[in-house]
Amino acid sequence: QVQLVESGGGLVQPGGSLRLSCAASGSISSSNTMGWYRQAPGKERELVASIRSGSVNYADSVRGRFTISRDNAKNANLQMNSLKPEDTAVYYCNLIKWTGATYWGQGTQVTVSS
């Protein structure tokens, strides 16, 4: 069993920065894919960034502004810079094991508004 807890969300002005953290517990290794997704009202949940054993992927909309990293095998961080109003969403931490088992955190709200 895996538990994921997000933190770091909040209200920020356009152009500002936030750092999201995902604290994971359970049986986890660096070979497990971890990622950040987001879901805005009325829209589908979309991949923001993912990382597996140092290999990273980013959505085109955030590439160059967001950076995903792993502190260790369990924790994933998302540094968000140059935030835009369209980045407003609930951000979810995600983990996928080699078995295909998928886990989600409860989400943290990010609001970008002046």
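I began with overall size: for 114 residues, a compact globule would have a radius of gyration near 13 Å, and the chain has 13 Å, so the two agree. A reminder to myself that this is a predicted model.

Next I looked up the extents. The C-alpha trace spans about 40 × 25 × 20 Å along its principal axes.

Then the secondary structure. I found 11 strands and 0 helices in the chain.

I turned to contacts and burial. Taking contacts between residues at least 6 apart in sequence, I noted that 54% join residues at least 24 apart. Buried residues account for 40% of the 114 in the chain.

For charges, I have 11 positive and 7 negative, with their mean positions 7 Å apart.

Where does Asn-32 sit? I found Asn-32 in the loop between β3 (18–26) and β4 (33–39). Is Asn-32 buried or exposed? Its relative accessible area is 4%, and buried means under 20%, so Asn-32 counts as buried.

Which residues does Asn-32 touch, leaving aside its neighbours within four places in sequence? My list for Asn-32 reads Ser-27, Ile-51, Arg-52, Arg-70, Leu-95, Ile-96, Lys-97 and Trp-98.

Key: Residues are numbered from 1 along each chain as its sequence is written. This is a predicted model: local features need pLDDT of at least 70, side-chain atom pairs count only at pLDDT 80 or more; totals for chains, interfaces and linings use all residues. Side-chain values use heavy atoms; hydrogens and water are left out. Helices (H or I, at least four residues) and strands (E, at least two) are DSSP runs, numbered from the N terminus. The radius of gyration is taken over C-alpha atoms; the globule rule is 2.2 Å times the number of residues to the power 0.38. Buried means under 20% relative accessible area, exposed over 50%, partly exposed in between (1.4 Å probe, protein chains only). Contact means heavy atoms within 4.5 Å. Lys and Arg count as positive and Asp and Glu as negative; His and the chain ends are not counted. The place of a charge is taken as NZ of Lys, CZ of Arg, CG of Asp or CD of Glu.
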